[in-house]
Amino acid sequence: MDSLIVETTNHCQLSCPFCVRDKLTRAKGVMTDEIFERAISEAVESKVTTIFPYYFGEPFLDKKIYERCQYILSKGLRVNLFTNLGIPIDENKISMLKGATGIVISYAPGADPEVRDRNIEILRREKFVIVMHVVDENALVVPANTIGRKYDIKVERFEKTNWHGVIHCPGPVKDGRCIRPLEELVILQDGTISLCCMDYDGEIQFGNIMNTSLEEAWKKAKPYRVLPKSKLPFCQKCNMAVLEDYPKWVQDLFHEDD
Ligand code: SF4
Ligand code: SF4
């Protein structure tokens, strides 16, 4: 397992049109220190290399996100932080994020432009590597490109995801082994260990990090690594990319490991 998504909070101030937050049935909150530290300790134990300290929420709504990133970095792990940039960044604490591999801005149409622009200026001044991700729809790409040009930020387009088939997306769903469970697991804000970034409601669970090791969870998740989507009821309608879509050298990185 290369990456661990740690949902430091699942609160979000926005309601993006491509998001399924309105379908979330699990509790909303901020991860406790106990769960967070246990997750990072397990990540170290399992030789995870990169932590994504966010998932179904805006990480800057977690008042401790700066300290948490610093904690992850102090354990020798990489930090990739995603943000919608709609919450003012604390200038007094921004240096605590130094060492983060990158900061990804998810283009969110509802983010306050003044707050967003100020945040971008702070991040640029502090020389963070920033890129902007945008869902590949004209109405979103045009304003994202405008911001990208203004601040000289690389804009990367992404196919709209269908959240394991919950919302409609054009195009066929390819069958094959999904790329996601080959590289990641997710720790939800209450400590539940779940399958992947498309399982937004944590339906597929492998225990709770407070009483289950990541190694045990990784073993339980094996069917999702070795079987094609068509054999996995939860995955059959998901439009996430499959391993066969990638060049051979990428495919060779992933092999059956247990
Ligand atoms: S900012 Fe992210 S979590 Fe929040 S509504 Fe938009 S896509 Fe969903
Ligand atoms: S195919 Fe399954 S494992 Fe892959 S992203 Fe979709 S729901 Fe997750």
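**Exercise 1.** Sort the shell around ligand 1 by residue class.

*Solution.* Let's begin with the conventions: this is a predicted model, where local features need pLDDT of at least 70, side-chain atom pairs count only at pLDDT 80 or more, and totals for chains, interfaces and linings use all residues. Residues are numbered from 1 along each chain as its sequence is written, while chains are lettered from A and ligands numbered from 1 in the order in which they are written.

Step 1: list the residues surrounding ligand 1 (C-beta atom, placed from the backbone, within 6 Å of it): C12, L14, S15, C16, C19, R21, F56, G57, E58, N84, S106 and A108.

Step 2: assign classes, with Ala, Val, Leu, Ile, Met, Phe, Trp, Tyr, Cys and Pro as nonpolar, Asp, Glu, Lys and Arg as charged, and the others, Gly among them, as polar.

**Exercise 2.** Find the buried residues of helix 2 and explain why they line one face.

*Solution.* Step 1: in helix 2 (residues 65–74; a DSSP run of H or I, at least four residues), I65, R68, C69 and I72 are buried, with 20 or more other C-beta atoms within 10 Å of their own.

Step 1: down the helix axis, these buried residues fall within an arc of 100° (from the directions of axis to C-beta atoms), so they line one face of helix 2.

Step 2: just after helix 2, G76 has a positive phi of about 85°.

Methods: A residue is buried if 20 or more other C-beta atoms lie within 10 Å of its own, exposed if 12 or fewer, and partly exposed in between; C-beta atoms are placed from the backbone. Helices (H or I, at least four residues) and strands (E, at least two) are DSSP runs, numbered from the N terminus.
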